[in-house]
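This report describes helix packing and salt bridges in one protein model. Please consult the sequence and structure shown below while reading.

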Amino acid sequence: MIRVKLHKVLLTALATLSAAGILGLTTTNASAASKVNSYIDSQNIKPAKITKSIWSGFPKNKYRHGKGKPEGVVVHETANPSSTIYNEIAYMKRNYNNAFVHSFVDGSRIINIANTDYLAWGVGFPGNARFVQFEQVEVHSKSAFAHEIANAAWYTAYLLNEYNLKPNDAAYDGKGTVWSHGSVAKHLGGSTHTDPVGYYASAGSKYFGQKYTMSMFYTMVKKYYKAMNVKHTKLVSAKYTSVNKQATLSKNYKKYYLYNHLKGANKNAKRQSWSKISPKVGKTYYIDMVGKKSTGQTWYRIKPSKNTKSKTRYWVYSKNLSGVKNVPTTSASSSSASSSSVATAAASSASASGSTTETSSASSN
């Protein structure tokens, strides 16, 4: 909850009465089966895709541990029954000096408006420097509420996965990766808000005859997170070839991800933040290895500089790059030296990359 209005004062007072179980005073609701979660499963509700609409006007300040290093996710709710997701986004752009979050969620959309590699101003000090934050807009039907919960829980899991964080409910001890605004206020201070506790309780009661709780929400987060990581363990075979090439970053790069190993062919492959290579469309990166997956996909292992001695390399899908070509040489001798170094790299890289093949089915991207 970001905006402070008269109706929010009343809502906060009511929410405080129902917040006790959510903030760790009792676990009665935590163990109860959730009608909302069961409805999401029975109706086979699919989360919305993320719409990236990054506004350049938001300030870019690093988290306390650096750019691209959040420590968890905070779930908010606007407490404005009459607003729409687009009204909320427009309001936030006009008033970002007071507060802003990274994204907005409703029953049919997930809209990312601020770069999650940088902090937002939604929960005050010290939480702002620690967490990615998103707002839920109030919806007004049984189906819309179930869809919104699915979207919010999936997006929370997505953010955790994106930044290599594991689900951990912070409600009880103030230590974890999944936070309500209320949990932040209780354990870290910086605010007196309790959202989305009141909204979850009232909407759950109204549409499903049962209060919805952050514990129930956390159950959905874990389910989506587990599904994301199960996909990472399904491996296909790949053929690796050492090369000495260069290419420029394509404008399509935001559609894909950066990985520490070849995705789908290495069990340790994890998404990495693009900030690690300072991405810029048209910027030149150097390719020292090509990975050809048995599914037909081509991936490149890139390094930031032609002459870098760093062992840090990242794998990208071929569509992330354009204009792939051999690194130019200035003389026959330098060309010969380059060929020699590539040959040497080929021998070591095959071993380092684990080029022994492992076969199973996997989705391509």
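Contact here means heavy atoms within 4.5 Å. Helices (H or I, at least four residues) and strands (E, at least two) are DSSP runs, numbered from the N terminus. The model is predicted: local features need pLDDT of at least 70, side-chain atom pairs count only at pLDDT 80 or more, and totals for chains, interfaces and linings use all residues. Residues are numbered from 1 along each chain as its sequence is written, and side-chain values use heavy atoms, with hydrogens and water left out.

**Helix α3**

Helix α3 spans residues 85–94, and its residues Ile 85, Glu 88, Ile 89 and Met 92 are buried (under 20% relative accessible area; exposed is over 50%, partly exposed in between; 1.4 Å probe, protein chains only). These residues lie on the same side of α3 because they cover an arc of only 100 degrees around the axis, taken from the directions from the helix axis to the C-beta atoms. The buried residues of α3 pack against β3 (103–105) and β4 (110–112).

**Salt bridges**

A salt bridge is a side-chain nitrogen of Lys or Arg within 4 Å of a carboxyl oxygen of Asp or Glu. The count comes to six salt bridges, among them the following.

| Pair | Closest N and O atoms |
|---|---|
| Lys 223 and Asp 41 | 2.2 Å |
| Glu 71 and Arg 64 | 2.6 Å |
| Asp 288 and Arg 313 | 2.9 Å |

Asp 288 lies in strand β10 (residues 284–293) and Arg 313 in the loop between β11 (298–303) and β12 (314–317), so the pair ties together parts 25 residues apart in sequence. Asp 288 is buried at 12% relative accessibility, and Arg 313 is buried at 18%. Salt bridges that share partners join Asp 288, Arg 301 and Arg 313 into one network.
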